Amino acid sequence: MSERLSKLGKNKYVVKGLMLILDVFLVCFALYSSFWLRFEGQIPQQYLDYMLSSLIPVCLLSLASFGVFNMYNRAWRFASIDALLATVESAFVSVLLTIAFTYMFNMHFPRSVYILFFVLTVVFVGSSRLFYRIIADSLRLRLSSEGDRRNVIIAGGGQAGALTIRELRANPKLNMVPVAIVDDDPNKTGTRVLGVPVVGKPELIPSVAKKKSASGVIIAMPSAPRSRVREIVEICTSVGLRVKTIPSLYDLITGRANVSNVRDIQIEDLLGREPVKAVIEDAASYLRKKVVLVTGAAGSIGSELVMQVAQYDPELIVLLDISENGLFDMEHKLKREIPQLRFVTVVGSVRDADRINEIMVRYGVQVVFHAAAHKHVPLMESNAAEAIKNNVLGTLNTCKVAATNGVERFILISTDKAVKPKNVMGASKRLAELIIQLMNQQSDYTVFTAVRFGNVLGSAGSVVPVFKKQIEMGGPVTVTHPEATRYFMTIPEAVQLVLEAGALAKGGEVFVLDMGEPVSVLSLAENMIRLSGFEPYKDIEIVFTGLRPGEKLHEELFEEKEDPALRETEKIYRAKLVSDPEAIESEYIRLKEMLIKIDPQTLVPLTEFEKWFYQALEMVKASVPRAVDN
C-alpha cells in the first residue's frame, strides 16, 4: 500500500491535480472563515450574498496568483523558507486581486475580512504543503524500514550534515537511516538537526554506535582539517564501523559532485597535511581565449589539466598523446561532461619535432603544458635510452618548436625525483629542467617554467592503485622498505599548482609545492587495509620486498644550492636556480656519467642532446644570464 502511494506521489500530474483541487477548497474555506470570524458566526445577509457571488472569481484569481508564483512547480517534499515566502507572496497578490475585483463590482468587504483572508490563506495553504512534506517523509521512512535498514551516525552537525540527512531521507534505496549526530562543537550537543539528535563529540562514536545499533558513519565535514578526518576514521575503524564521506569542498565548489554523492573514505582524505588551496584566479588572465596544448593529455596529470583548463574559457584545447585509446576515452568524457568545450585530439609523439611543429602552426598554440613523459622508475632503469629519448629529447623538441612559433608560456611537469637523482627517470627529468632554464635564457618571447611535485595519488601505476589491487586479491601488500617515505598529493592539487605556476611564471623558475612532511609508505599501506575493512598483519599480510633499482629510501624537494626560503605564495616555493654556466655544465657531466654507467645505450640520445646543450651554454656565456637568481 505504501509503495503504491509512493508511486502516485512521484507522478507530477497527480500531485498537481490534487493540490489544485485542495487549493480550491482551502481558498473557499479561508474566505468563508474570514467572514465568520469578523461577524462572530453571525454573517449578515448582505455580506453573505457578497461572499457567495465572489466565491468562484476569488478562487480563480487565487489559483492564478499561485500559478504565477510557481506554487504547482515546486518539489514540496524539500520545502523550506523560500517555499514559505512564495506562499506569503502569492496569498498577498491574491488578496490584492480580490480587493480590486470586489471594488470593481461594488461589493465592499469589511477591511478586516481582507486581512483575515490573507492570514488564513497563508495558514491553510502553507499547512497543506507542510502536511504533504510530512506524509512524503513518512512514506520514505516506511519504505526504507521495509528494506535492509542500516543505522548510520553523521559526523558533522553543520549545513553539510543537514544536507546529508535530507539526501538519505530522500533516497530510501540507500537504506541508510541517520540515528545520531556527533560534532566537535560542544554548543550543539543536546540540539537536533532535522529531528536527529546531536549526542556529543566524535570520540563518543563507539558507545553511540553500540547504543543506536549503527553499522556505519558518514563524515559530513567537507572543510574539516585532514588531521581531524584521520582521527575520526581511526576511531571508527577501531570498532569495525564502515566509514563514508561526502565529496571534498573542492568538488562541491567546482560542481564535480554534490552532497548526494556519498562515497567511501579514500586514502587522499587521510594525507598528513591539508589540501592545497591554490589561488589561481590569475589563471584566467593567461588561459582565457587562448589556444592551449596539453602533451600527454590522456595521462593522469594531462587529463586533469584539460579538465581544469576548461574552466577558464580557452579558445581551444589541443589534446596530444601517443595513446589513441586514451585520447578516445578523453574525447568521449569531454563531450559528455563539457559539451560546450572547443577541443581537438591529435595522435602524436613529442619525439617527432615535425609533428609538434605541424600541430602548433595549424592551431596557433599560445600556451603549452608539457606532461608527456616516461615516469616509472624501475621500468626506466631497464629502458634508459627510451627515457632519454622521451623525457629529454621530447622536451627539447617541444621547447624549440614552442620558441620558434612564439608560444607565450611553456610549463614543464617535473618531479621530486629530479632532485639529486639516483635513477634514470629522475636524471632525465633533471635534464628537462635544465632545458627549461637554458631555453628561457635564449628566448626573447616565450616564458619557460617548470613545476616540481611528489607522488600523485591515484595516477596510473602509482602506489595506491597497486595497493588496492593487492588488497582486493587478499594480499599480501608489498612495501619496499619499512622506513621508506614519499611526498604525496592528489591529482587536482597537482594541477592547481601547475596552473598557478603558469600565472606566477616570469621565466626560468622551478616551482615547488610545500607538501608538508613526507608520508610513511608503510603507514599508507596499513591505512588502506583498514579502510578496506581488514586488519593489517591479521587479515592482510604486509611483505617487505626491498628497494627496487633506482629507488631512494627518502625523496627530496630541493637541490643543495636551491633556496627553499623563496616563497611565491603560502604553499608554493620558487627554487633558486644556478645560472653560472660552469655549474650547469658540471651538473650535466655528472648526470651523463651516471646515465652511461647505468646503460651505455644512453650515449646515443645524449650525444644528440649534447650538441644543443653546449651551443645553448655558449650563448649563455656570451650574454647576460636571464635565469632567476635572487
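Predicted model: local features only at pLDDT ≥ 70, side-chain atom pairs only at ≥ 80, totals over all residues.
Residues are numbered from 1 along each chain as its sequence is written, and side-chain values use heavy atoms, with hydrogens and water left out.

The protein contains 21 helices and 22 strands; these are DSSP runs numbered from the N terminus, with helices being H or I of at least four residues and strands E of at least two. Of its 630 residues, 50% count as buried. Buried denotes under 20% relative accessible area, exposed over 50%, and partly exposed the range in between, with a 1.4 Å probe and protein chains only. Among contacts (heavy atoms within 4.5 Å) between residues at least 6 apart in sequence, 77% join residues at least 24 apart.

Helix 20 (residues 581–598) packs against helix 21 (residues 603–622) at an angle of about 175°, with the axes 11 Å apart. The two helices are therefore roughly antiparallel, a term for angles over 145 degrees; under 35 counts as roughly parallel, 65 to 115 as roughly perpendicular and the rest as oblique. Axes are lines fitted to C-alpha atoms, for helices over the stretch in contact, and angles run from 0 to 180 degrees between N-to-C directions. Residues making the contact include Tyr588, Ile589 and Lys592 of helix 20 and Phe609, Glu610 and Phe613 of helix 21. Glu610 and Lys592 also form a salt bridge, with the closest N and O atoms 2.7 Å apart. Lys592 is partly exposed, at 21% relative accessibility.

A salt bridge requires a side-chain nitrogen of Lys or Arg within 4 Å of a carboxyl oxygen of Asp or Glu, and the count by this rule is 17. One of them joins Lys290 to Glu408, with a closest N to O distance of 2.9 Å. These partners are 118 residues apart, Lys290 in the loop between helix 10 (283–287) and strand 8 (291–295) and Glu408 in the loop between helix 15 (384–404) and strand 12 (409–415). Lys290 is buried at 16% relative accessibility, whereas Glu408 is partly exposed at 21%. Within helix 13 (residues 353–363), Arg355 and Glu358 lie three residues apart, about one turn of the helix, and their side chains meet in a salt bridge of 3.2 Å. A network of salt bridges links Asp184, Glu203, Arg228 and Glu231.

Gly475 and Pro476 are joined by a cis peptide bond, with omega about 0°. Pro476 lies in the loop between helix 17 (463–472) and strand 15 (477–479). The C-alpha atom of Gly475 is separated by 9.9 Å from that of Tyr537, 62 residues apart along the chain. Positive phi in a non-glycine residue occurs at Glu40, at about 55°. Glu40 occupies the loop between helix 2 and helix 3 (45–68) and is exposed, with 70% relative accessible area.

A nonpolar surface patch of about 590 Å² comprises Leu22, Phe25, Phe29, Tyr32, Trp36 and Leu37. Patches are made of residues with over 30% relative accessible area and no salt bridge, like charges being joined within 9 Å and nonpolar side chains (Val, Leu, Ile, Met, Phe, Trp, Tyr) within 5 Å. Tyr32 lies in helix 2 (residues 12–38) and is partly exposed, at 36% relative accessibility.

How values were computed. Areas by Shrake-Rupley, 256 points an atom, 1.4 Å probe, with all protein chains shown as cover.
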